[in-house]
Amino acid sequence: MAHLIAASYPSINISGKLCAEISCGFTTTLSRPAIRHRHKIWSHDYGDALNKSILFFEGQRSGKLPSSQRMTWRKDSALRDGYEIGVDLVGGYYDAGDNVKFNFPMAFSTTMLAWSVLEFGKGMSSDLPHALDAIRWATDYFLKATSIPGFVFVQVGDPYGDHNCWERPEDMDTPRTPFAVSKQFPGSEVSAEIAAALAASAMVFRPIDLKYSARLLKRARMVFDFADKYQGSYNDSLGPWVCPFYCDFSGYEDELVWGAAWLFKATKQPIYWNYVLQNINKLESSATVKYINGVSYLGGSFAEFGWDSKHAGINVLVSKLIMSMAGTGSTPFISNADKFICTLLPESPTVSVSYSPGGLLFKPGGSNMQHATTLSFLLVVYARYLKLSNRVVHCGNVVASPARLVKLAKGQVDYILGSNPFGMSYMVGYGKKFPQRIHHRGSSLPSVGQHPKQIDCKGGTDYYNSKNPNLNLLIGAVVGGPDIEDSYADFREDFVQSEPTTYINAPLVGVLAYFNSRSS
């Protein structure tokens with residue numbers, strides 16, 4: 001049962017506009033009700049959700065904000081990033097509810113935004129320019145972060161100092177330390193992911209801005225060469241600062257193959273295709289025990305995809321290339337992509353994920369909604385590829401058509417948007433009921449417009465501990481989500497459930513564009 005609290009309803013800032021909490025949706029501690037939701041008929045406005053999912057990225061921007069900024073409670077921040085070492089590192093995105101720029105998940109988010117546009121850009125309609133802006137905000141920053149040959153900047157900000165404070169990005173007084181990998185101290189996973197992001201984005205901008213596209217592709221090739229020539233994990237060189245936040249658990253080999261696959265897709269040069277073929281065996285493994293965020297589980301690498309592990313994404317991406325190429329010989333990509341699909345289908349004999357009573361997909365580790373969005377993206381993309389090649393997936397005696405994959409993905413998206421036991425949207429600003437106390441510094445503190453005076457490191461503690469709703473709506477933010485029993489605690493302190501991230505939203509943009517085009 002939801003615990004309803006009788007109280008006055010404070011106003012919430014939505015891009016400069018105010019609404020009463022009761023009209024924006026009111027939630028507190030939630031646990032799964034006795035009455036199931038499956039008999040209720042739900043309908044969702046995928047276009048509205050798409051618009052909001054892209055708008056979220058404006059709330060995560062770092063740097064000098066443009067005049068076109070729509071989330072107006074956010075202001076300029078971190079304008080001196082890199083200044084202390086004479087490098088311009090202004091721009092990019094904060095990864096989640098903190099004020100650090102972690103380039104590994106930022107690059108993955110960018111790759112996924114670019115892939116979303118490449119696959120489903122036609123379904124974005126008037127939101128396409130905003131999606132392009134979101135991509136360019138990241139790629140402009142990555143051009144800066146890779147501007148010095150032999151170095152790739154992988155992080156800006158001391159995560160320990162930042163996480164010790166609860167302050168707005170506009171007020172940061174914690175160390176903005178830049179961290180880089182180099183020939184002597186390599187970081188192949190983050191460098192190769194940046195290369196993938198630049199290559200995918202180059203394809204996005206090719207029909208629009210050929211000069212910018214060429215610049216991105218040239219830099220992608222340079223950064224990939226650096227990642228491949230000087231191989232090693234940034235865990236070893238920068239471990240104390242990148243772990244446990246975005247420690248690379250799966251090794252850097254997957255990012256190298258992932259980067260090469262995107263470069264082949266962008267250039268069609270055989271050197272990258274040969275690299276993929278020659279190195280894919282390094283990713284092949286039987287079922288092994290893996291550790292993600294301190295949680296051990298049994299599963300083959302072919303079934304993993306996210307900011308850390310690219311295995312399933314590689315197989316799905318390359319499978320389309322295989323289907324369209326003659327004389328490719330025997331390769332594991334399609335069979336592994338099929339096996340991956342079989343791990344997701346509830347009716348499959350080899351299913352390896354779990355589902356909540358309300359139908360939300362679960363995998364081990366924190367911030368579970370990232371799995372629901374990334375894997376749903378692969379489902380709809382692979383469904384398209386299967387349909388084009390007139391194929392189905394065989395999971396033992398179970399036969400999965402492209403429509404079955406789409407249906408599974410739709411169930412995940414609809415759950416996120418409110419088709420769940422509570423009728424609660426997990427996207428801020430979508431629907432009548434959504435999370436009010438998300439784990440996000442800028443959203444929870446008074447905006448600069450409301451409170452021009454600086455709020456220092458510990459000055460925001462009372463806001464963090466407050467049971468009141470956040471003062472600013474981070475529209476479009478999708479939180480970590482409920483637990484496996486469909487329970488959600490709308491508490492700021494519970495960052496696993498209440499913190500949004502760029503890599504939750506980025507793949508969701510593509511999925512929403514897909515369903516928006518189908519519904520319209």
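This is a predicted model: local features need pLDDT of at least 70, side-chain atom pairs count only at pLDDT 80 or more; totals for chains, interfaces and linings use all residues.

Author: In it, helix 6 contributes S188, E189, A192, E193, A196, A199, A200 and M203 to a contact with helix 9, where the partners are E255, L256, W258, G259, W262, L263, K265 and A266. Sorted by class, that contact has 10 nonpolar, 2 polar and 4 charged residues.

Reader: How is the packing of two helices described?

Author: Two numbers are used: the angle between the axes and the distance between the axes. For helix 6 and helix 9, the axes come within 8 Å and cross at roughly 20°. Angles under 35 degrees count as roughly parallel, so helix 6 is roughly parallel to helix 9. The crossing is left-handed.

Reader: At what angle do helix 3 and helix 13 pack, and how far apart are their axes?

Author: Helix 3 (residues 103–120) and helix 13 (residues 369–388) pack at about 30°, with axes 12 Å apart. That makes this pair roughly parallel. Helix 3 also passes helix 13 in a left-handed crossing. Residues in this contact include F108, M112 and W115 of helix 3, and F377, L378 and V381 of helix 13. By class, the contact has 9 nonpolar, 2 polar and 2 charged residues.

Reader: Which residues of helix 7 are buried?

Author: An α-helix has 3.6 residues a turn, so residues three or four places apart point the same way. In helix 7, the buried residues include Y212, L216, R219, A220, V223 and A227. Among the elements covering the buried residues of helix 7 are helix 4, strand 5, strand 6, helix 6 and helix 9.

Note on methods:
Residues are numbered from 1 along each chain as its sequence is written. Side-chain values use heavy atoms; hydrogens and water are left out. Axes are lines fitted to C-alpha atoms, for helices over the stretch in contact, and angles run from 0 to 180 degrees between N-to-C directions. Helices (H or I, at least four residues) and strands (E, at least two) are DSSP runs, numbered from the N terminus. Angles under 35 degrees count as roughly parallel, over 145 as roughly antiparallel, 65 to 115 as roughly perpendicular and the rest as oblique. A crossing is left-handed if the near helix is turned anticlockwise from the far one by less than a right angle, and right-handed if clockwise. Contact means heavy atoms within 4.5 Å. Ala, Val, Leu, Ile, Met, Phe, Trp, Tyr, Cys and Pro count as nonpolar, Asp, Glu, Lys and Arg as charged, and the others, Gly among them, as polar. Buried means under 20% relative accessible area, exposed over 50%, partly exposed in between (1.4 Å probe, protein chains only).
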